[in-house]
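Me: I am new to this structure and would like to learn how to read its features. Could we take them one at a time?

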Amino acid sequence: MTQIESERARTEPATSGITETDRTVLRWFDRTLTYARERSYRGWDYGDGMSSRLLQALPVENRWVNLAVQETIKRAPVNVRPLFLVEQRRNYKGTALFVMANLTAARLRDDEALDFGETAAVDYRGEARRLADWLVDERRKGYSGFCGGHNHPIQFLDGQGEPEDPDAVSTAYAVKALLRARTLDESYAELARTAVDFLIDDLDYRPAEDGRGAVIDYHLNHSGDHYTINAGALCARTFLDIYDAFGDEECKRRATDLLDHIADLQTPRGGWYYRDPPSASHLSMDSHHNGFVIECFQRYRAVTGSDRYDGTLTDALSFYRRELFEPTGAPNFDEANAYPRDIHASTQGALVFTYAGDHEFARRILAWVFEHLHAGDGAFYFRSERFFTRRVTLMRWCQAWMAYAMAEYLDARGMASDTDP
């Protein structure tokens with residue numbers, strides 16, 4: 001059972017029937033997938049500056065030089081990646097999102113009442129299978145179970161992340177994608193199931209020091225000085241996804257322990273800081289990471305049917321809509337700053353409100369993106385600043401997330417066939 005199908009059992013859709021706005025979303029969804037498919041799902045990414053061939057050609061290796069180049073590329077008001085000879089690659093998490101979007105597109109296309117125009121003949125299931133095979137081939141090997149990570153190095157203040165290093169977030173989305181792809185080949189799900197061992201052994205799933213619940217590391221080089229809250233929540237969702245697929249009660253217990261601890265970290269306002277303690281990060285209660293956390297609590301309710309976290313969810317959704325979104329559907333960056341208005345915040349908002357059954361507000365968020373961040377030809381820009389737009393298209397951050405958000409919205413609206421792909 002998918003997340004959408006699980007949530008349908010608990011939430012009545014905001015409206016019934018296919019609206020013209022839904023058909024507009026379908027057209028943009030089709031064009032977004034076309035843009036990505038024509039580029040073999042390769043492109044630039046948010047933190048890919050260290051894959052600059054100019055940087056790699058320097059005769060010295062220096063943390064501060066790495067940071068200067070990486071952050072200049074990331075923060076420049078225009079796309080300077082071509083000048084720095086930054087490689088365009090497939091992103092592991094982005095590819096997982098495209099697997100799921102293509103599976104939904106296949107089911108949408110099966111409904112002959114929906115017009116896919118010139119792309120009606122596209123083999124979306126074949127696309128999903130090829131991308132799922134890539135996830136399998138490009139998984140990080142030598143660990144306790146299935147796992148994945150970014151395909152470019154990242155410079156941090158306290159160290160460097162390498163492409164070989166797996167992480168909780170990339171793994172979480174790859175597991176979800178392979179579990180959905182089990183209708184193409186059961187071996188995908190069997191491989192994804194082994195991620196449990198990676199989470200427990202390599203990411204050090206353990207009891208929380210305060211005795212309430214459990215915690216887990218974000219990645220292998222995680223500092224013991226802080227806890228990354230959204231990464232812990234996504235690990236809980238991975239346990240839940242595997243529990244949903246295989247009925248493994250131990251996975252349900254581990255997910256509950258992780259979410260118990262995260263529920264205790266909720267602030268009186270209803271949101272979560274990026275890290276515990278909050279001083280361990282420059283980020284505050286930013287939008288898309290709060291959306292990750294909320295989605296994981298939604299997943300728990302959808303899969304288990306339990307009301308264990310209903311109070312947590314009620315407060316979180318109230319904070320999320322009241323402080324992290326404008327009534328127009330525009331995303332705020334965090335609880336204190338409207339800008340930059342980031343496309344990832346928009347897509348995560350569309351997902352959260354879709355899963356909450358508030359399709360009208362999810363649609364409003366997508367409409368805001370179409371109006372303010374559409375680059376043309378199915379592509380989308382990265383961010384809207386107060387006085388200008390960062391006219392950079394990032395394959396994972398923009399395209400993959402928009403494709404996935406629209407796919408989940410259209411699925412929830414009942415536009416996809418009820419038969420599995």
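Me: Which residue just after H14 takes a positive phi?

Reply: In this predicted model, the residue is Gly 357, whose phi is about 85°.

Me: What is found at the start of H14, on the side chain of Asp 342?

Reply: One looks there for a side-chain atom that reaches a backbone atom. A side-chain oxygen of Asp 342 comes to within 2.7 Å of the backbone nitrogen of His 344.

Me: Is H14 mostly covered or mostly uncovered?

Reply: A residue counts as buried when its relative accessible area is under 20%. By that cut-off, 13 of the 13 residues of H14 are buried, and the helix is mostly covered. In the protein, buried residues make up 60% of the 421 residues.

Me: How many helices and strands does the protein have, and how does its radius of gyration stand against the globule rule?

Reply: The protein has 16 helices and eleven strands. Its radius of gyration is 20 Å, close to the 22 Å given by the globule rule for 421 residues, so the protein is as compact as a globular protein of that length. Along the principal axes, its C-alpha atoms fill a box of roughly 60 × 50 × 45 Å.

Note on methods:
Residues numbered from 1 in each chain as written. Predicted model: local features only at pLDDT ≥ 70, side-chain atom pairs only at ≥ 80, totals over all residues. Heavy atoms only, no water. Buried < 20%, exposed > 50% of the residue type's maximum accessible area, 1.4 Å probe, protein only. Helix = DSSP H or I, 4+ residues; strand = E, 2+ residues; numbered from the N terminus. Polar contact = N/O pair within 3.5 Å; in protein donor to acceptor, adjacent residues only side chain to side chain. Rg over C-alpha atoms; globule rule 2.2 N^0.38 Å.
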